[in-house]
Amino acid sequence: MSRKCSVCGNGPQYGNRISHAHNVSRHRWLPNLQRIRYEMADGKVRRGYVCTGCLRTPGFRKVA
């Protein structure tokens, strides 16, 4: 699975996890992806991984 949103291209983000003693280790945050069927702007229905941020946008249309 490509951990990338099919709609907006949102992918993993990288950064540091810093402890109280300021110990630094690398960390990776993955987007919250859901596998759904959705309708594109031209009316075609596709299946793909969509982030929850795109699901909440007003113009996005999920197909049952």
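Ile36 has Gly48, a residue of strand E4, as its bridge partner. This belongs to the pairing of strand E3 (residues 33–39) with strand E4 (residues 45–51), which runs in the antiparallel sense over 7 bridges. Two strands are said to pair if DSSP finds at least two bridges between them. Keep in mind that this is a predicted model, where local features need pLDDT of at least 70, side-chain atom pairs count only at pLDDT 80 or more, and totals for chains, interfaces and linings use all residues. Residues are numbered from 1 along each chain as its sequence is written, and side-chain values use heavy atoms, with hydrogens and water left out.

**The overall picture**
- The protein has 1 helix and 5 strands; helices (H or I, at least four residues) and strands (E, at least two) are DSSP runs, numbered from the N terminus.
- The C-alpha trace spans about 55 × 25 × 15 Å along its principal axes.
- Of the 64 residues, 20% count as buried; buried means under 20% relative accessible area, exposed over 50%, and partly exposed in between (1.4 Å probe, protein chains only).

**The hairpin of E3 and E4**
- There are 5 residues between the two strands of this hairpin.
- In the hairpin, Gly43 takes a positive phi near 95 degrees.

**The nonpolar core**
- A nonpolar core is a set of buried Ala, Val, Leu, Ile, Met, Phe, Trp, Tyr and Cys residues joined through side-chain atoms within 4.5 Å.
- The largest one has 8 residues: Cys5, Leu33, Ile36, Tyr38, Val50, Cys51, Cys54 and Phe60.
- E3 and E4 each supply at least two residues of this core, and the largest share, 3 residues, comes from E3.
- In soluble globular proteins, nonpolar side chains tend to be buried together.
- Cys54 touches Cys5, Val7, Cys8 and Phe60, leaving aside residues up to four places away in sequence; a contact means heavy atoms within 4.5 Å.

**A look at Asn32**
- Asn32 sits in the loop between strand E2 (24–29) and E3.
- Asn32 counts as partly exposed because its relative accessibility is 45%.
- Not counting residues up to four places away in sequence, Asn32 touches Val50, Cys51 and Thr52.
- The side chains of Asn32 and Gln34 are joined by a polar contact of 2.8 Å. Such a contact is a pair of N or O atoms within 3.5 Å; within protein, one must be able to donate a hydrogen and the other to accept it, and residues adjacent in sequence count only if both atoms are side-chain atoms.
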